[in-house]
Amino acid sequence: MKHRMSNQLLSLSPSGIRRFTALARQVEGCVSLTIGEPDFNTPEPIKAAAKRALDENLTHYPPNAGYPALLERVCQFEQEKNGVCYRPEEVIITDGATEGLFLALRGILNPGDEVIVPIPAFGVYEPIIRLSGGVMVPLNTKKSGFQIDAQALSSLITDRTKAILLNSPNNPTGVVYHQKTLEGIYELVRDRDIFVICDDVYAQLCYGDCPSFSQFQQIREKIIVVQSFSKPYAMTGWRMGYVLAAAPIAEQLVKLHSYTVVSAVSFLQPACEQALAYDPAPMIEQYRQRRDAMCMRLKKMGLQTPEPEGAFYCFPSIEKYGLSSEEFCTRMIHEAKLAAVPGSCFGTEGHIRLSYCYSQPELEEGLNRLEAFLESL
């Protein structure tokens, strides 16, 4: 009966990140630097809030968009952190940022609509766009230092362009879009009926300034922000996030949310309130130290890589070795017992992604194996 299933679904491939992670698990003793999974545990105050909620029997249906207390707290946090003003009715608590992206894309796309996605990009974008009936239009940022060139972006805008999807800090490069970059995008969409979807899930994991496109509140009706509790608070398994959108847009998206998952989990929402009061600075400092150590080693190996300004990934170039990124990573698993993710999984050949959200000993061992593998080529 497989042939009776959705053609769109059948045409999709499994996640490349998960595929190489699974391949690494089949090789005994393999060091895996594939997953963007913080090695920290969820902070105790956040876990305690969830336990209290269970003890207080907060186990019934919450409102579709979320409990009022959390909606208010999100608004307060966004005002304090990013200087943007949203009202509670403009917030939807989601089952992770992935559901948030699904709501944003499925909520705006009609068949044939185009979404411009700067690449390299997280591999979940294209499948969601395709499942929503849309067409992903890649914008290669490699030649512009992984920033978005306004002229190149303008050349891709057509009558079918429905949205531009921004991810800053970027997965897989760690690059943060500069203020000048964001202003160039603003000038292009200001007078056009184009949505800008901001995947800001790494925005709290920055090592310096981290401007967001959400700052352009004068066109707030065109902006949809997707956020996550997973990365900054080591809450990946909790599957909690939120969407911000102007009231007329949020009113429609919450319908899709209610028909998809009904609501986010009730007893986890007080924990999310607690998370927004937690300062992740100590974790960020650990990531900064790991970034510096990894970048230094990669430079010594002769691998060019953009210095990550946020998130916890390096994206070094392997072009000089003449191998596809898939072949490079496959061989490295079997010959060096080290796993990374091919750049092809992010739409950009000639690179690999290395995650540094692992312990320092694991990173050192992994980089030693990488160096030995390069010497064998």
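## Basis of the description

A residue is called buried under 20% relative accessible area, exposed over 50%, and partly exposed in between. The structure described here is a predicted model. By the above scale, Arg-19 is partly exposed, because its relative accessibility is 39%.

## Helices α2 and α12

Arg-19 takes part in a salt bridge with Glu-326, with an N to O distance of 2.8 Å between the side chains. Arg-19 belongs to helix α2 (residues 16-25) and Glu-326 to helix α12 (residues 325-336), so this pair ties together parts that lie 307 residues apart in sequence. Glu-326 has a relative accessibility of 28% and therefore also counts as partly exposed.

The two helices that carry this pair also pack against each other: the axes of α2 and α12 come within 10 Å and cross at roughly 20 degrees. Angles under 35 degrees count as roughly parallel, which makes α2 roughly parallel to α12. The crossing of α2 past α12 is right-handed. On the α2 side the contact involves Arg-19, Phe-20, Leu-23 and Ala-24, and on the α12 side Glu-326, Cys-329, Thr-330, Ile-333 and His-334. By class, these residues comprise 5 nonpolar, 2 polar and 2 charged.

## Helices α11 and α13

Helix α11 (residues 281-300) and helix α13 (residues 360-376) have axes that come within 11 Å and cross at roughly 10 degrees. The two helices are therefore roughly parallel to each other. Their crossing is right-handed.

From α11, the contact draws on Arg-290, Ala-293, Met-294, Arg-297 and Leu-298; these meet Gln-360, Leu-363, Glu-364, Leu-367, Asn-368, Leu-370 and Glu-371 of α13. The contact of α11 with α13 contains 6 nonpolar, 2 polar and 4 charged residues.

## Helices α5 and α9

Helix α5 (residues 96-108) packs on helix α9 (residues 247-260) at an angle of about 125 degrees, and the axes are 9 Å apart. This angle makes α5 oblique to α9. The crossing of α5 and α9 is right-handed.

Glu-99, Phe-102, Leu-103, Arg-106 and Gly-107 form the α5 side of the contact, while Leu-253, Leu-256, His-257 and Thr-260 form the α9 side. The residues in the contact of α5 with α9 are 4 nonpolar, 3 polar and 2 charged.

## Salt bridges within helices

In total, the structure holds 17 salt bridges. One of them joins the side chains of Glu-44 and Lys-47, at 3.0 Å from N to O. Both residues lie in helix α3 (residues 44-55), and because they are 3 residues apart there, about one helical turn separates them. Lys-47 counts as partly exposed, at 25% relative accessibility.

In helix α13, Glu-365 and Arg-369 are 4 residues apart, which means that about one helical turn separates them. They form a salt bridge whose closest N and O atoms are 2.8 Å apart. Glu-365 is partly exposed, with a relative accessibility of 34%.

## Buried residues in two loops

Asn-171 is located in the loop between β5 (161-167) and α8 (179-189). Its relative accessible area is 2%, so Asn-171 is buried. Leaving aside residues up to four places away in sequence, Asn-171 touches Pro-120, Ala-121, Phe-122, Tyr-202, Tyr-313, Phe-346 and Arg-353. Between Asn-171 and Glu-365, the separation is 194 residues in sequence and 23 Å in space, C-alpha to C-alpha.

Gln-147 occupies the loop between β4 (135-140) and α7 (150-156). With a relative accessibility of 10%, Gln-147 counts as buried. Apart from residues up to four places away in sequence, Gln-147 touches Thr-141, Val-175, Val-176, Tyr-177, His-178 and Thr-181. Gln-147 and Asn-170 are 23 residues apart along the chain, and their C-alpha atoms are separated by 10.0 Å.

Notes. Residues are numbered from 1 along each chain as its sequence is written. This is a predicted model: local features need pLDDT of at least 70, side-chain atom pairs count only at pLDDT 80 or more; totals for chains, interfaces and linings use all residues. Side-chain values use heavy atoms; hydrogens and water are left out. Axes are lines fitted to C-alpha atoms, for helices over the stretch in contact, and angles run from 0 to 180 degrees between N-to-C directions. Angles under 35 degrees count as roughly parallel, over 145 as roughly antiparallel, 65 to 115 as roughly perpendicular and the rest as oblique. A crossing is left-handed if the near helix is turned anticlockwise from the far one by less than a right angle, and right-handed if clockwise. Contact means heavy atoms within 4.5 Å. Ala, Val, Leu, Ile, Met, Phe, Trp, Tyr, Cys and Pro count as nonpolar, Asp, Glu, Lys and Arg as charged, and the others, Gly among them, as polar. A salt bridge is a side-chain nitrogen of Lys or Arg within 4 Å of a carboxyl oxygen of Asp or Glu. Buried means under 20% relative accessible area, exposed over 50%, partly exposed in between (1.4 Å probe, protein chains only).
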